[in-house]
Amino acid sequence: MKIDSPKIPNDLPLRNFNDIFYEEDPELELCQIHDSIFDNEMLPRVRLYKMIIRNCKFNNTDFSNIDITDVLFDNCDFSNAKMRNSSIHRVKFVNCKLLGVDFTESSFGNIEFNDSLLNLASFGNSRLEKV
């Protein structure tokens, strides 16, 4: 079974994750995010497309109904984040901390978890394909 890698273009501009508050719709795409801290926030129905996110913290953040496609998360901390009812496809988590993340009733396709911690993460009633 071959897992499709995220399709991310080269030479992406650098942005801050807080820029999502200045967008008309809560989405970020075609960019890189480095060293952002976005703890204890509530941001439902976010869309993240074709991007790289490195060294960021999203502890206790509510990302319910998030849509993530073609994204690389490198050395990110999602401890106790809520990602219920999410759609996550062609995403790679490298050296990430996903302790206690709630992925209940989500859809996953072509996902890689490399050197990541998933202790106490819940995937109840989720659809997993090529994970």
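Modeller: Start with phenylalanine 78, which touches Phe58, Asn59, Phe73, Met83, Phe93, Lys97, Leu98, Leu99 and Val101, leaving out residues up to four places away in sequence. Touching, or contact, means heavy atoms within 4.5 Å. This is a predicted model: local features need pLDDT of at least 70, side-chain atom pairs count only at pLDDT 80 or more, and totals for chains, interfaces and linings use all residues. Residues are numbered from 1 along each chain as its sequence is written, and side-chain values use heavy atoms, with hydrogens and water left out.

Phe78 belongs to the largest nonpolar core, which has 31 residues. Phe17, Leu48, Ile53, Phe73 and Phe78 have the most contacts inside this core. A nonpolar core is a set of buried Ala, Val, Leu, Ile, Met, Phe, Trp, Tyr and Cys residues joined through side-chain atoms within 4.5 Å. Buried means under 20% relative accessible area; exposed means over 50%; partly exposed lies in between (1.4 Å probe, protein chains only). In soluble globular proteins, nonpolar side chains tend to be buried together.

Which elements give two or more residues to this core? They are β4 (47-54), β5 (67-74), β6 (87-94) and β7 (107-114). Strands are DSSP runs (E, at least two residues), as are helices (H or I, at least four), and both are numbered from the N terminus.

Now go to a partner of Phe78. Phenylalanine 58 sits in the loop between β4 and β5. Phe58 counts as buried because its relative accessibility is 1%. Its contacts beyond four places in sequence are Phe17, Phe38, Asp39, Ile53, Phe63, Asp77, Phe78, Ser79 and Ala81. Phe58 and cysteine 76 are 18 residues apart in sequence, and their C-alpha atoms are 7.6 Å apart.

Phe63 leads on to serine 86. Phe63, Asn65, Ile66, Glu105, Ser106 and Ser107 touch Ser86, again not counting residues up to four places away. Ser86 lies in the loop between β5 and β6. Is Ser86 buried or exposed? Ser86 is buried, because its relative accessible area is 2%. The Ser86 side chain reaches the backbone oxygen of methionine 83 at 2.5 Å.

Compare two asparagines. Asparagine 40 is in the loop between β3 (32-34) and β4. Asn40 is exposed, because its relative accessible area is 56%. Asparagine 95 is in the loop between β6 and β7. Asn95 is partly exposed, because its relative accessibility is 42%. Phi is near 55° in Asn40, a positive value in a residue other than glycine. Phi of Asn95 is near 55° too.

Terms used:
Polar contact = N/O pair within 3.5 Å; in protein donor to acceptor, adjacent residues only side chain to side chain.
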